[in-house]
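Me: I would like to learn how to read pockets and salt bridges from a set of coordinates. Could we take them in turn?

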Amino acid sequence: VNYQGCGMSVMEMSHRSKEFKAIIEKAEQDLRDLMDIPDSYKVLFLQGGGSLQFSMIPLNLFHKSKKADYIITGSWAKKAAKEAAKFGKVNILASSEEDVFTYIPKVNPEKFSKDADYFYITYNNTIYGTRYTEIPDTANVPLVADLSSMILSEELDLTKFGLVFAGAQKNIGPAGVTIVIVREDLIGLASPRIPTLLDYQIHAKNGSLYNTPPCYAIYMAGLTFQWIKEQGGVSAMQKINEEKAALLYGAIDNSSLFHCPVAEKDRSLMNVVFVTGDEVLDKKFIAQAKEEGLINLGGHRTVGGMRASIYNAMPVKGVQALVNFMQKFERENI
Ligand code: PMP
């Protein structure tokens with residue numbers, strides 16, 4: 001209620017105050033340090049969630065051929081492609097939908113559209129538990145990636161991307177702020193007819209302060225960036241995340257009750273999907289786990305089964321508790 005003695009909380013201060021200016025500038029600098037963001041990229045703090053980026057990306061990047069390549073690895077990619085098709089030509093290069101998105105399709109680069117305005121991927125597929133481990137080489141076509149459910153969980157070479165974005169609510173902070181990191185040459189390409197607030201250039205020119213930003217969510221994001229720095233940065237988070245994922249996938253693979261449907265090479269570090277193969281038993285597992293304090297283990301409403309979302313904030317001991325419970329459940333139900 002009295003931020004650094006200024007007599008106000010962050011919730012009530014003006015976004016034009018010197019206190020808030022310091023908060024947003026520090027948040028941006030800490031994110032730049034954590035992700036090693038080159039100076040030639042702008043960091044934008046926007047609203048509208050990951051979903052608004054499904055529209056802002058085509059609205060801002062379609063400018064020459066008005067064509068984009070999309071790889072469909074789940075329902076978020078599908079939604080993004082559907083939105084882009086309202087504004088230009090969407091070329092679906094590959095989809096793993098026929099196998100319930102249990103793998104990341106590998107596409108021969110010869111099939112990539114050389115004249116596309118951009119190439120779009122969903123880096124981590126929150127619902128299906130897959131992730132890219134090899135970034136497509138799109139040569140001169142800017143690569144755009146949805147990092148919503150993996151940002152700051154593992155190291156990324158941003159120079160391989162033209163634009164990346166992520167809603168805050170998984171690894172960063174409360175919902176309300178969406179981070180966009182965009183290479184400067186991709187700003188200012190939009191038609192002047194697009195809504196002002198959807199133009200990256202407006203936000204870039206105004207340091208994300210064209211209108212009132214989600215101040216409190218940005219403040220909270222800044223605190224998380226500091227916390228990640230204190231943990232040792234993204235490489236340290238990645239080590240912990242790999243340890244957590246290895247523990248959980250190891251338990252699933254060694255179990256005769258649980259099974260992970262996802263191709264081994266494409267398994268997500270953040271969202272671990274598993275099933276027993278029996279819907280009734282899955283429901284029993286989720287209910288009993290809840291009684292043990294292991295909550296939120298139901299799979300997405302569209303796929304069922306189980307999903308353990310083990311974002312940065314989940315400690316190794318949380319995953320160990322889940323593994324212990326899975327082993328107990330297996331002994332009692334096999
Ligand atoms: N992309 C991915 C990968 C997601 O997981 C989500 C939400 N879970 C979204 C986009 C949509 O984000 P939002 O709800 O912030 O619009």
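Reply: What follows covers pockets, then salt bridges, in this predicted model.

Me: How does the lining of the largest pocket divide by class?

Reply: The lining of the largest pocket comprises 14 nonpolar, 15 polar and three charged residues.

Me: What is the volume of the second largest pocket, and which residues lie nearest its centre?

Reply: The second largest pocket has about 340 Å³ of space. It is lined by 16 residues, with Pro 105, Lys 106, Val 107, Glu 134 and Pro 136 nearest the centre. By class, this lining has nine nonpolar residues, one polar and six charged.

Me: How many salt bridges does the structure hold, and what cut-off defines one?

Reply: A salt bridge is counted when a side-chain nitrogen of Lys or Arg lies within 4 Å of a carboxyl oxygen of Asp or Glu. The structure holds 17 of them. One is Lys 18 with Glu 19, where the closest N and O atoms are 3.4 Å apart. Lys 18 is exposed at 66% relative accessibility, whereas Glu 19 is buried at 18%.

Me: How far apart in helix H1 are Arg 32 and Glu 28?

Reply: Arg 32 and Glu 28 form a salt bridge with the closest N and O atoms 2.9 Å apart. They are four residues apart in helix H1 (residues 18–35), so about one helical turn separates them. Arg 32 is buried, with a relative accessible area of 13%, and Glu 28 is partly exposed at 23%.

Me: Which parts does the salt bridge between Lys 78 and Glu 97 tie together?

Reply: The side chains of Lys 78 and Glu 97 meet at 2.7 Å, N to O. Lys 78 belongs to helix H3 (residues 75–84) and Glu 97 to the loop between strand E3 (89–95) and strand E4 (118–122), so the pair ties together parts 19 residues apart in sequence. Lys 78 is partly exposed at 38% relative accessibility, and Glu 97 is partly exposed with a relative accessible area of 38%.

Me: Which residues do salt bridges with shared partners join into one network?

Reply: Lys 26, Asp 30, Asp 33 and Lys 229 are joined in this way.

Notes. Residues are numbered from 1 along each chain as its sequence is written. This is a predicted model: local features need pLDDT of at least 70, side-chain atom pairs count only at pLDDT 80 or more; totals for chains, interfaces and linings use all residues. Side-chain values use heavy atoms; hydrogens and water are left out. Ala, Val, Leu, Ile, Met, Phe, Trp, Tyr, Cys and Pro count as nonpolar, Asp, Glu, Lys and Arg as charged, and the others, Gly among them, as polar. On a 1 Å grid over the protein atoms alone, a cavity is a set of points where a 1.4 Å probe fits but cannot get out, and a pocket is an open set with protein on both sides within 12 Å along at least five of seven lines; lining residues have an atom within 4 Å of a point. Grid points are joined across faces, edges and corners, and a volume is the space filled by probe spheres set on the points. Buried means under 20% relative accessible area, exposed over 50%, partly exposed in between (1.4 Å probe, protein chains only). Helices (H or I, at least four residues) and strands (E, at least two) are DSSP runs, numbered from the N terminus.
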